[in-house]
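Work through the exercises below with the sequence and the model side by side, and try each task before you read its solution.

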Amino acid sequence: MASTDATAKDTGDLAGLEAGLDALDTVQTSRTPLRRTLVGKVLPPVTAVALVLLVWQVLVWAKVAPDYKLPSPTAVWEEVRTAWLQGTLLDYIWTSVSRGLLGFLLALAIGTPLGLLVARVKFVRAAIGPILSGLQSLPSVAWVPPAVLWLGLNNSMMYAVILLGAVPSIANGLVSGIDQVPPLFLRAGRTLGATGLQGTRHILMPAALPGYLAGLKQGWAFSWRSLMAAEIIASSPDLGVGLGQLLENGRNNASMSQVFLAISLILLVGIAIDLLIFSPLERRVLRSRGLLTKG
C-alpha cells in the first residue's frame, strides 16, 4: 500500500514538473489589452513630462531667474512653432539623425569583428584590450579638434568622431558578452561540427547576444554624444544645421528658448531611438531566453 502511494506521489510530482516546463516553453501570444498598455506604458511617462512642465512653469511664475535665463514652456513652444512654419524643424532633426545612424552603422561594422578578434585571440586581447578600455573612457569631445585638423570641416570629420567614440563601446560589449558564454556551449558546438565561422555564427554570437546588445546601446549613446560634441564645436555652412549647431546658435544669439528647444530635441531623439529600436530588441532577446513572459 505504501509502495502504491509512493508511486502515485512520484507520478504526480513528475506530471507537475512536466506541466511547469510546458508553461515555461509556452509563448504568450495573447494581445495585451489597450487599457493595460495605456495605464502601464503610456501614462507614466506622460505624467512625468506633465510634472516637469508644471514645475518648470511654477519656477517661471516664481521669478527664480530672469526671463532671458529661464524661458517659459510657452516661449520654447513658440520656437517649435516658428521652426515648423519655416520648414526647418525636421531639417534640424534629420541632419543629425542621418549622421548619427550612418556613423553608428559604420561603428557596428568595425566594432563587431574587432570585438570578436579581441575576445578570441589572446595576444590581440593583451595588446588592444587596455587601449579599447582607455578609449571608451576618453571624452568624445577630445577627438573633435584633431579630427578637424586632420580631415577639415566636413562630414568625414563628423563620422571619424562618431567612430572613435562608438567603436570601443561596441567592441567591449561584445567581448564582455563572449566572456560570459559557458565553455560547455563551445565544446558542444565543436562536437557537433560547428567550428570557425559556423561556430561563431550559430554558437558564439547567439550566446553572447545579451552582452552584445548592451554594448550596442552604449555604442549608440556614445555615437549620439560624439556627434553633438562635433556639431557644437565645428560649424560650417557646408555641414548644414544639426541639433548641436542649433544649440550653439542659441548660445551665440543669447536665446535661451532656442537653447531649450535644441536640448529638448536632442533628448527626444535619444528616447525615440531607444524606444523604437533597442527596447524591442532587448525584449525579444529576453523573451527568447524565457526571462520575459509579459509586456
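## Exercise 1: Enclosed and open space

The count comes to one cavity of 30 Å³ or more, where a cavity is a set of points on a 1 Å grid over the protein atoms alone at which a 1.4 Å probe fits but cannot get out. This is a predicted model, in which local features need pLDDT of at least 70 and side-chain atom pairs count only at pLDDT 80 or more, while totals for chains, interfaces and linings use all residues. Residues are numbered from 1 along each chain as its sequence is written, and side-chain values use heavy atoms, with hydrogens and water left out.

**Task.** Find the volume of the largest cavity and the residues that line the largest cavity, then turn to the largest pocket and its volume.

**Solution.** Begin with the largest cavity, which has a volume of about 40 Å³, a volume being the space filled by probe spheres set on the grid points, which are joined across faces, edges and corners. Its lining includes R99, M158, E231 and Q245, and lining residues have an atom within 4 Å of a point.

Next, take the largest pocket, which holds about 710 Å³ of space; a pocket is an open set with protein on both sides within 12 Å along at least five of seven lines. Of the 19 residues that line the largest pocket, V49, S264, L265, L267 and L268 are the closest to its centre. The largest share of this lining, nine residues, comes from α12, and α2 (34-61), α3 (73-85) and α12 each supply at least two residues; helices are DSSP runs (H or I, at least four residues), numbered from the N terminus.

## Exercise 2: Charged pairs

**Task.** State how many salt bridges are counted, and describe where E231 and R99 lie.

**Solution.** The count comes to six salt bridges, each being a side-chain nitrogen of Lys or Arg within 4 Å of a carboxyl oxygen of Asp or Glu. In one of them E231 pairs with R99, the closest N and O atoms being 2.9 Å apart. This pair links distant parts of the chain, with E231 in helix α10 and R99 in helix α4 (residues 89-120), 132 residues apart.

Now check how covered the partners are, taking buried as under 20% relative accessible area, exposed as over 50% and partly exposed as in between (1.4 Å probe, protein chains only). E231 is buried because its relative accessible area is 2%, and R99 is buried because its value is 5%.

Compare this with D274 and K217, whose side chains meet in a salt bridge (3.8 Å, N to O). D274 lies in helix α12 and K217 in helix α10, so the pair ties together parts that are 57 residues apart in sequence. D274 is partly exposed, with a relative accessible area of 25%, and K217 is partly exposed, at 27%.

## Exercise 3: A buried serine

**Task.** Is S223 buried or exposed, and which residues does S223 touch?

**Solution.** Locate S223 in helix α10 (residues 209-233), and then read its relative accessibility, which is 0%, so S223 counts as buried. Leaving aside residues up to four places away in sequence, S223 touches F104, I162 and A166, where contact means heavy atoms within 4.5 Å.
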